[in-house]
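I am keeping these notes while I go through one structure, beginning with the overall fold and ending with single residues. Each entry records what I looked up and what I found.

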Amino acid sequence: TLVSAGADTNQADSKGLTAVHSAAMSGQLDMVKLLTYNAKEHKLMTGLSKASKSSAKKAPRAPVELAAAKGQLEVVKYFVRALRVQGCALEPILTSCQAVAERG
C-alpha cells in the first residue's frame with residue numbers, strides 16, 4: 001500500500017483536509033485506523049499537516065468533529081478510544097463533537 005511504502009498521509013489539500021479527514025467524514029473506519037495507527041495526539045485531533053498549520057487560512061475541523069457532523073458514530077468512538085489510550089482530556093473534544101453533531 002502507499003502507506004506501507006512511506007506515503008505522506010499528513011499531506012493536506014488546498015482546503016487543509018488530509019486523508020484522515022476524508023476517511024472520517026465518509027465513515028471509512030478501517031482507513032481511519034490505518035492512517036492513525038501510529039499517530040500522535042495532534043494528528044488524531046487535528047489531522048493537519050505542518051503546511052496547513054502554518055497557513056493563514058482557517059483550519060478545518062478536526063477529523064473526529066467531521067465524523068460527528070456526518071453521523072459516523074463508529075469513527076467517533078474509535079477516535080475517543082484512541083485519545084483515551086493516549087491519556088488525552090476527552091471533555092473538550094466530546095463537547096465539540098456534540099455541538100457539531102447537533103448542528104449537523
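**Entry 1: the fold.** Before reading the pattern of the chain, I needed to settle that helices here are DSSP runs of H or I with at least four residues, while strands are runs of E with at least two, and that both are numbered from the N terminus. I also note at the start that this is a predicted model. Reading along the sequence, I found the pattern α-α-α-α-α-α-α, and my tally of the secondary structure came to seven helices and zero strands.

**Entry 2: the chain as a whole.** I looked up how much of the chain is buried, and the value is 38% of the 104 residues. I then turned to contacts between residues with a separation of 6 or more, and found that 64% of these contacts in the chain join residues 24 or more positions apart.

**Entry 3: the nonpolar core.** Which residues touch the most other members of the largest nonpolar core? The core has 20 residues, and the ones I was looking for are Ala24, Val32, Val64, Val75, Val76, Phe79 and Ile93. I next asked which elements give two or more residues to this core, and they are H1 (19-25), H2 (29-36), H5 (63-69), H6 (73-85) and H7 (91-103). Helix H6 gives the most, with six residues.

**Entry 4: two helices side by side.** Two packed helices are described by the angle between their axes and the distance between the axes. For H2 and H6, I noted that the axes come within 9 Å and cross at roughly 25°. Since angles under 35 degrees count as roughly parallel, H2 and H6 are therefore roughly parallel to each other. The crossing of H2 and H6 is right-handed. Looking at the residues that meet, I listed Leu29, Val32, Lys33 and Thr36 on the H2 side, and Glu74, Val75, Tyr78 and Phe79 on the H6 side. Sorted by class, the contact of these two helices has five nonpolar, one polar and two charged residues.

**Entry 5: two single residues.** For comparison I took Ala101, which lies in helix H7 and is partly exposed, with a relative accessible area of 41%. Leaving aside its neighbours within four places in sequence, Ala101 is in contact with Ala68 and Ala69. Its C-alpha atom is separated by 7.4 Å from that of Lys70, although Ala101 and Lys70 are 31 residues apart along the chain.

How values were computed:
Residues are numbered from 1 along each chain as its sequence is written. This is a predicted model: local features need pLDDT of at least 70, side-chain atom pairs count only at pLDDT 80 or more; totals for chains, interfaces and linings use all residues. Side-chain values use heavy atoms; hydrogens and water are left out. A nonpolar core is a set of buried Ala, Val, Leu, Ile, Met, Phe, Trp, Tyr and Cys residues joined through side-chain atoms within 4.5 Å. Buried means under 20% relative accessible area, exposed over 50%, partly exposed in between (1.4 Å probe, protein chains only). Axes are lines fitted to C-alpha atoms, for helices over the stretch in contact, and angles run from 0 to 180 degrees between N-to-C directions. Angles under 35 degrees count as roughly parallel, over 145 as roughly antiparallel, 65 to 115 as roughly perpendicular and the rest as oblique. A crossing is left-handed if the near helix is turned anticlockwise from the far one by less than a right angle, and right-handed if clockwise. Contact means heavy atoms within 4.5 Å. Ala, Val, Leu, Ile, Met, Phe, Trp, Tyr, Cys and Pro count as nonpolar, Asp, Glu, Lys and Arg as charged, and the others, Gly among them, as polar.
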